Amino acid sequence: MMFRHLFKLIWNKRKQNFLFLSEILVSFMVIFAVFSFLTFYYQNYSKPLGFDYKKVWSISYDNGLLTKNRDSLNIFYDNLYKSLKAMPQIEEVTYTGANFPYSNSTMSTGLNSNGKKFNPVNSYVVGADYQKVWNIKLVAGRWFLPEDAVTKNKNFIINETLKKQMFGEGDAIGKLIGDYDDKEKMKIIGVVQDIKANGDFWPAGNAMFTRLDTGYFRNNSHILVKVRDGADATFESQLYKFMTNTMKNSVEIQHLSEMRDAKNEVTIIPMVIFIIIASFLIINVALGLFGVLWYNINKRRSEIGLRRAIGASGSSVSLQLVMEAMILATMSLMVGCFFAIQFPLLSVFNIPASVYIVAMLLSILFIYLLVFACSLYPGKQAAGIHPAIALHEE
Amino acid sequence: MIRLQNIEKVYRTDTVETLAINGINLDIAKGEFLSIMGPSGCGKSTLLNIMGLLDEPSKGNIQIDSQDISSYSDQKLAKFRNEKLGFIFQSYHLINDLQVLDNVELPLLYRNSSAKERKRLATEALEKVGLSNRLKHFPTQLSGGQRQRVAIARAIVGNPQIILADEPTGNLDSAMGNEIMDILINLNQNEGTTIVMVTHDENMAHKTHRLVRLFDGSQVQ
């Protein structure tokens, strides 16, 4: 019954409460944005990485001075592979396109299946031992074999996300899929676990893996090696010298663990800055709410005195003021939710609806807690108003 | 109905101690209409606040309806005020953002009565003060006399045994004041409500059963 009475009181005073309502609405929208980011990042972070980066080094080189003759180029790279593999500190070696995990390169294409286009799809050109270097788990089918070089249809492997989009829970192995222009059909031979190539906080997205054929060596400039436990700075120096002597050109060795940190920082640093700015805003809003509530209580001293006189205890006056603030918050949240719900409905930024829904629920909870915290002290102050004094102030 | 024994009220600041009420002894019988008069600052309102349990005496004992309320908690005092006492103030103390009917319903909100019951009782109370045609008006749309009548309706809606009126006619012209006084007399005579009224107006005071005069916090008559 008190709820209806308070709602009526607030509704009749909606113009006076406009500032309070606006403050809560603005803070809800800011908090919704922050929680959307955080939920999105957390959802991605909680998914498995899909590969092992810890002992992987990337070797980037410039092959511009090498021969353009394909056969001698193949022999050169075959020898290089064997030399690297023969090193006791190296466990696995693979050639790779430039867009390996944590690199800043991307290569994407589109695929066609049953008249439906899947775009974009991250396209990874990979060597035979790419799976071993990264310890990528196969979910179905198989990894590339040497005989894949001579098949009628180009064989390729897709990740789980793309498989689910294309076939749902159905089988993907052996299915023929059209390339970007749907002119050439390619055959799926395997499905691998999703790999979060852009860092811990970003989704794997759609991915396909094609075999690096010998013709690709002309453009290739990256080798990935998985080193053994004893591989230290001395070995890195030896490896660097070996590669420089072999390539006769500039070489750069990077540790994937460092590249991962750098990649994650690109997400974390702006997020931290955003959270700090939002926190300052929320502190301002909290102080504003506190001030508005305090001001309202001082304006309503005679009403509070009257309520005490006609039967309200100190605690019920305090509860009433907290409830009023919560009702006001509810009114603002209803407007805020109307705007917020458009994000999942319209699939804004292609982010899963669950991210927005969770962010919305967290924002509602946060705003209620904020308003509750801001109204507690003014409510307590109101409870302390002496009715005999308040009733004689006018 | 109300028994005040040796009531003292002292207001203290860091440097000054002011004796507002000094050893008041007063017995008010059930159904009595008593008025309190005295110059400004003599302690009339303080005494009324003590009777209304809005203020605590510094010393002395107060009994209402044979109950010693000195040990009552805040919750219990609030319930007691809600059930036994009705208040009328010089400046009405109506909530301007609520309609007349909602203002009158206010005391019933602190009881377990249904919305339907509250509406019925508030309408009846407003009928008693002749304002049944102003239920949906806001206080700012009413004259001073009408506002005080709303305040009386609010005071009687919970059917209290005692009404404490602090200069109920103080803000009204004599015609309006007489109207309000008639309502109070009617309540006293027909409903048997005990009324304690603080007033500056001798004419109004002489309409009551008994007059108590205060001067500098002490009872002089």
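How many residues does the contact take from chain B, and how many from chain A? In this predicted model, chain B gives 24 residues and chain A gives 21. The largest share comes from α2(B), with 6 residues. By class, this side of chain B holds 11 nonpolar residues, 7 polar residues and 6 charged residues.

Confidence was examined for the model and for chain B. The model scores are ipTM 0.91 and pTM 0.81. The average pLDDT of chain B is 90. In that chain, 100% of the residues score at least 70.

Chain B also contains an open sheet of 4 strands. The strand order is β2-β1-β4-β5, and the pairing is antiparallel. The edges are taken by β2 (17-28) and β5 (67-68) of chain B. Each has a single partner strand, so one side of each is left without a neighbour in the sheet. Strand β1 (residues 2-12) of chain B is joined to β2(B) by 8 bridges, and the two run antiparallel. Within this pairing, Val10(B) has Leu19(B) of β2(B) as its bridge partner.

For chain A, an unreviewed UniProt entry lists residues 275-387 as "domain: ABC3 transporter permease C-terminal". Over residues 275-387, chain A is 87% helix and 0% strand. The end C-alpha atoms of this stretch of chain A lie 44 Å apart.

Definitions and conventions
Residues are numbered from 1 along each chain as its sequence is written. Chains are lettered from A and ligands numbered from 1 in the order in which they are written. This is a predicted model: local features need pLDDT of at least 70, side-chain atom pairs count only at pLDDT 80 or more; totals for chains, interfaces and linings use all residues. pLDDT is the predictor's confidence in each residue, from 0 to 100. UniProt positions are given in the numbering used here, feature names are shortened, and annotations may be inferred rather than shown by experiment. Two strands pair if DSSP finds at least two bridges between them. Two residues are in contact if their C-beta atoms, placed from the backbone, lie within 7 Å. Ala, Val, Leu, Ile, Met, Phe, Trp, Tyr, Cys and Pro count as nonpolar, Asp, Glu, Lys and Arg as charged, and the others, Gly among them, as polar.
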